[in-house]
Amino acid sequence: MTDAHCALDMKGITKTFPGVKALSNVNFSVKFGSVHAVVGENGAGKSTLMKVLNGSYPPTSGTIRVGGAEVRMRRPADAQALGVRMVHQEINLVPDLSVAENVYLGRMPGKWTLLRRREMVAKATAVLEELGAAINPRERLGNLSISQQQLVEIAKAYAADPRIIVLDEPTSSLSEHETAALFSILRKMRDDGIAIVYISHRLKEVLQIADEVTVLRDGSMIETRPIQGITAAEMISLMVGREVNNVFPKSPAAIGAPVLSVENISDGRHFRDVSFDVRAGEILGLTGLVGAGRTEVARAIFGLSQLTGGTVRLGGRKTAVRSPSDAVKAGIAYVPEDRKGDGIVPAMCVRENISLPILRQLSRLGRISHGADRALAGHYVSQFAISPPDGERRINLLSGGNQQKAVIAKWLAAKPSVLILDEPTRGVDVGAKAEIHNIIGQLVAEGMAVLMISSELPEVLGVCDRVVVMRDGHASVPLDRKALSEERIMALATGEEVA
Amino acid sequence: MKSGDRFTRGSKAVEALSKAGLLIAILAVVLYGSIANAAFFSTGNFLNVLTSMSIVGIVVVGMTFVLVVGGLADLSVPATIACGAILSLGLQPMIGPVPSFVVAVALAGAIGLLNGMLVGYFGVNPIIATLGVGTIGLGIVQAAVGGVIVYGTNPASAELVKGRLFGIPVVALIFAAIAIVGHFVLSRSFWGRWTLATGGNYSAAEASAVPVRAVKAGAFVITGLAAGISGGLLGLTLQSARPLVGTGYEFSAITAVVVGGVSIIGGFGSVPRAIAGLVFVQLLTNVMVLEGVRTPVQGFVLGTLIVCAVGMDAALRKRGGA
Amino acid sequence: MRYVSLALQYRVGIILGLTLIVSAMLVPGYVSATTLSLGLDRAATIGLIAIGLTVLLIAGQIDLSAGSVFALAGIVSIMLQPQLGILPAAAAGVVVGMVAGAINGALVVGLKVHSLVLTLATMLIFRSIAHWITDSQPVTGTDIMFSLALAQIYLDVFTVRSALFVAFILLLHFWLTRTIPGRNVFAVGSNAVAAEESGIASGRILFFGFVFAGTLAGLAGVLQSLVTNTGSPVFGSTLIVTVIAAVVVGGTRIEGGKGSALGTLGGVLTIGALTVAMEFQSVPAYVQQVVSGFILILLVVLDRTVNTRRKAAADRPAFVQGNPIKQGGSA
Amino acid sequence: KTVCYVNAADSHAYATPANEALQERAKELKIEILSLSQDFDVQKGTEQLNTCVARGVDGIILWPLDPQAYIPGLARAQQAEIPAILINSPMGEEAKPFVTSFTGPDVYEEGEMAADALNEALGGEGSVVIIAGQAGNGTTIGRVGGFEDRLKEISSGIEVLDTVNADFDQQKALVVSRDLITRFGDDLDGVYANDDTMARGFIDAWKEANPSKPTPPIVGINGQKDAFESIRTGEMHATIVQSPVEDGRLAIETMARILDGEEVKDRLPIPLTVVTKENVESVEPAF
Ligand SMILES: Nc1ncnc2c1ncn2[C@@H]1O[C@H](COP(=O)(O)OP(=O)(O)OP(=O)(O)O)[C@@H](O)[C@H]1O
Ligand SMILES: Nc1ncnc2c1ncn2[C@@H]1O[C@H](COP(=O)(O)OP(=O)(O)OP(=O)(O)O)[C@@H](O)[C@H]1O
Ligand SMILES: [Mg+2]
Ligand SMILES: [Mg+2]
């Protein structure tokens, strides 16, 4: 493989972490002027492979060639010197610097260490414009929304004129519009001869943009194929090693009385006059573009932020939820969107994470009952097939999907009557996604009321009974799913059509 | 589905080593001490060490909570100790020894509460908050007593504290009781689990219905109470108290906790670890004094030791995959 | 609302102004060239150390050993006077500060440990060395006349010390806001992992941050020892608390990522002005303590209330993050 | 007239009564006092001298904590023609040209007196330990230096086994004493503590270790009430009384005389009294 088109050639890459062999003997190569997709289940090792390429993790063994020459990547700076740029799965920016400074982080323009700020801002403006992002380059980065930060992350890699660019799930928090803008840039870069590695769980996007696709499973390379002649179903079966047919299982459940109703709630900042109700045995979808205010609605209902107006009723009774513990008492549970930040306590084991919200119930005279604690974790580890099936393992050593299952388990242990799920399948692979949908299906079958926030329209249409669309802090009335299509939701979300 | 054999338990050995490391170090000091100095290995000497470490040991128990909850350190300890010592002696003529002690500890707890409110509810950096509260507290204490020494007026209470029960000094028994309660709370109770969770990931704990603000504040209240008890006992044993009695106790306590391998970033640690750190530091100091090592050299050795302890801990933690 | 937030942004300046105005009205003889120049000279010692600490705090680190370095550097600059002569000995003292800073930096970066604990340890170590080499006795310089000359006031305002302080703080301001390494210091303090991922050698920045802080503490110590013609192992033992207070009052965030040189200037001057004013009124030391503790907490609480926005995932300060230095992300 | 008083600390067992006595006497003498507290920080004190000069006072009373460091400040005062005197502790020879007088007890002399007392109690020989104050502190240096020099001077057979720092802190003294007692056991014939507080710490440690044995001769300094009590019961051999009240008063009185244009002696000591069982009933404790 020494042909001139070969931008990147990784051979026999193995990477072990204490307790986990994340990659074993992976071969991976990418050509200049092509988009190479990498797919695989959660924890398959996609991000790890890219971090090895980026110099963030030194490989345990294996060789890397860039443009035909063997190189050693000891730190990210080495990779950057070779023209490798990476857009991380998790946003990895400096909140206290300006947008422009973030775009040029590590390579600000200047002479004799003197910074040329005006030049930097002008260049950043141009790059952001090209990406279709309306962001002021002088704004402090920490003040931006997650999706805007994601765009800055992309702009940062793009602005560096890379020879090889790696995008690790760049679209997970982008709207369709922003995704489209990104794709047109990617196509342009490809035509300029840049090698692009594209990681995504959204197989539809992969089919749209990629020229080749590599499938990873359990840390091993399974296959590399041209995109022509491969279907989503084939990719899925390669990823999970078996056939998965029903991507969005929807089990019918008997719908009962409203459990949670909110009337004209506002928080004075992110949303206003939002009203809806969630009924027993129902999945109510809450969708919209990124930044529409869905997460804030959920956090406010759960007591993580305060409402400034409106009423919340549970089982018909007016309730004031001021803190998450109020919410738990009232029977509300919330699975947050930022798993790493708000979902898990990384240094604790799975068992300790699961029992956290109901510790008091497990305790007598302040002492946690050891038996009850273990039993609870054991129950959920086996019910949700959390892998590895060991409640004593530290949760941050689990893959993303398994972490997510543990977070959901944590909340089911609290026996809520309303479960709020915020992007429960974001960044989760198809296999785990189906499992999570199954779990949700079972829950509503048992009569739970579920409020599910999701940006993925196929998921919303496949799973939810009714859907509320949010735009700019305002919510539509709940719409029956039979009356909905992706186009209709998009129209409501973008405001291009009066409902 | 996914096979479990990709997952090994590589971190166990490292974990065991990090636990055993301190015990080995303690044994080494004991061994060296016994060989080097005849007076070292004797009941009398060990009782001395035990008595000497009890007062600071009580603070160590509290400080462990502060470090574990992610509160960095409580620098207001000298003020709290002074408050405990001065009030428990100064109020004796008015309300009697036991009520004075209770009032002293309660007021120390109130200082802890103030720290806790600032750190937990206002989000002030713990270093700044406790530094500020400590400065203010010490200032008020000094203004209150005008610098003069406060003497005890109740010899019976002093005898009680200085006495022995079954041959063990009473202060050491009090310390042991507090350490056991502290250990139980941190490792077995829901409050302790909350403390670990809050230190481990504040937002996740908050989103798991842990009352994070209260838990964070609680760690400072616990330290305040502990320092108050410590100060009260100090006052009673010495039968005199000055505003500056507590100087240096905050550093001694932090040193012990850190040498014990409790993470200063929070989310990890236990009372026995911290106490093992304390025992090690105390025994080492004892050996050095018995050997006639000069004070500056002692400081040098102690400082070097902390560097080694935290360095080793960081190295082990990294290999343990934290 | 906009005025309020503007006022909060420049709160150090406002507090400093208020202090000066109130003092001028209440304290006779406060507004005079001598008072101000001597006040500035007093502030210079704290100020020089504060300059180094500002950089470190912005980078998300702290140096508790500055007081010990201050004493040690001063002692060396005095002890070597007979052998080297005054100025070379002074240079040697500054080098001692630099070396001490390098030790701190190498240990923090190399061992990847929290600087709070590490500099607590080196604080003990450097202080012990100071006692060791002097046998706990103060040492005296060779030429008292040099000290007297050094304490002279020039141009009615500046002493050598205060001129150095003002010059350095202006340079620091320029460096932090206008140069690439200066901006990188903010990047490292705000999110060390992201900085490292972007090819910024955060280890090197931290190392030189400590060297810089050590050098300035050394310089302050040498100047102090030259001015007093004395090197003492007990010098500077309570200094670091005041310095931290000054820097934090100046709006630098102790968790890293935020701060400014001019803020530090404001903080140092506020504390200096306040102290002089209270001393002019014979306010007892413990009341002074209460006042400065109160101002410290007030300003920090204000800072918190201004900056309480919803916490974003990336908005957590590096100082309390799991990996203050790069440890290569996590799963 | 206004006099600047740079004191050691506002809040301290000895300094506080001294400050108060000085203030009170000043009121009688119609002198306004500008009181600055060093809080035991030399560096602060050197700078406070500048404040005094800036304030343009008529005289300066300085409580030095270091034999040298204040000289430039004093020189500046001299340039401004402000007379300065020292209270409580003297400074080095080089400081002489800059100060008009030194009033107060001489810590060095106290060390000498303590040496004499202990020498006498032990009959000129034996092994002792010194429990010293803070390392590097002026009082500690004087009291230890005076003691050691005097022993040499009278060629006493007393051997100093060890000098340990307990920072004028009773608890620290208690802890180090425990170790000293373990270490030297029966070899310990006497103790010299730099102040009575630390002597108290030693006594407590001794009683813990040997509940029945009488204490060896202990000499302290300061003349605190509880030290007097200990001397009565025989737990302590001697202490040296220096009265803070006299200390403070003498300083301001001297300054008043200087302000009136009188000549004063360059050394005005306050009386130091060695208190033993013989005279314990006839002497007033210092505080
Ligand atoms: N720093 C680390 N320490 C220990 N284990 C790790 C670390 N990083 C990753 N792992 C483990 O390595 C495996 C591969 O993880 P990786 O993040 O590469 O998966 P991925 O394919 O990117 O998954 P996802 O789709 O969830 O992003 C997982 O089992 C993960 O838990
Ligand atoms: N970290 C942040 N700091 C400041 N404002 C933020 C932050 N995150 C979000 N916002 C703002 O809050 C508002 C609502 O955001 P929210 O996260 O609720 O939207 P969402 O619909 O849930 O979108 P997402 O897909 O990002 O979860 C938006 O105006 C957004 O810009
Ligand atoms: Mg990944
Ligand atoms: Mg959201």
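Two strands are taken to pair if DSSP finds at least two bridges between them; strands (E, at least two residues) and helices (H or I, at least four) are DSSP runs numbered from the N terminus. The views show a predicted model, in which local features need pLDDT of at least 70 and side-chain atom pairs count only at pLDDT 80 or more, while totals for chains, interfaces and linings use all residues. Residues are numbered from 1 along each chain as its sequence is written, chains are lettered from A and ligands numbered from 1 in the order in which they are written, and side-chain values use heavy atoms, with hydrogens and water left out.

**View 1. The open sheet of chain D.** Six strands with parallel pairing follow the order 2-1-3-4-5-11. Strand 2 (32–37) and strand 11 (267–269) of chain D form the edges, each pairing on one side only. On average, neighbouring strands are turned by 20° against each other, direction ignored (axes are lines fitted to C-alpha atoms, for helices over the stretch in contact; angles run from 0 to 180 degrees between N-to-C directions).

**View 2. Strands 4 and 5 of chain D.** Strand 4 (residues 84–87) and strand 5 (residues 101–104) of chain D run parallel and are joined by three bridges. Phe102(D) in strand 5 stands opposite Leu86(D).

**View 3. Helix 2 of chain D.** Helix 2 (residues 42–55) lies across strand 1 (2–7), strand 2 and strand 3 (59–62) of chain D, at about 150° to strand 2.

**View 4. The magnesium ion (ligand 4).** Thr295(A) (OG1) and Glu337(A) (OE) coordinate the ion at 1.7 to 2.7 Å (donors are N, O and S atoms within 2.8 Å of the metal, 3.2 Å for Na, K and Ca; water is not among the atoms, so sites may look incomplete). The pair, 42 residues apart, links helix 9 (residues 294–301) to the loop between strand 18 (332–335) and helix 11 (339–343) of chain A. Thr295(A) is buried at 13% relative accessibility, whereas Glu337(A) is partly exposed at 23% (buried means under 20% relative accessible area, exposed over 50%, partly exposed in between; 1.4 Å probe, protein chains only).

Technical notes: Contact means heavy atoms within 4.5 Å.
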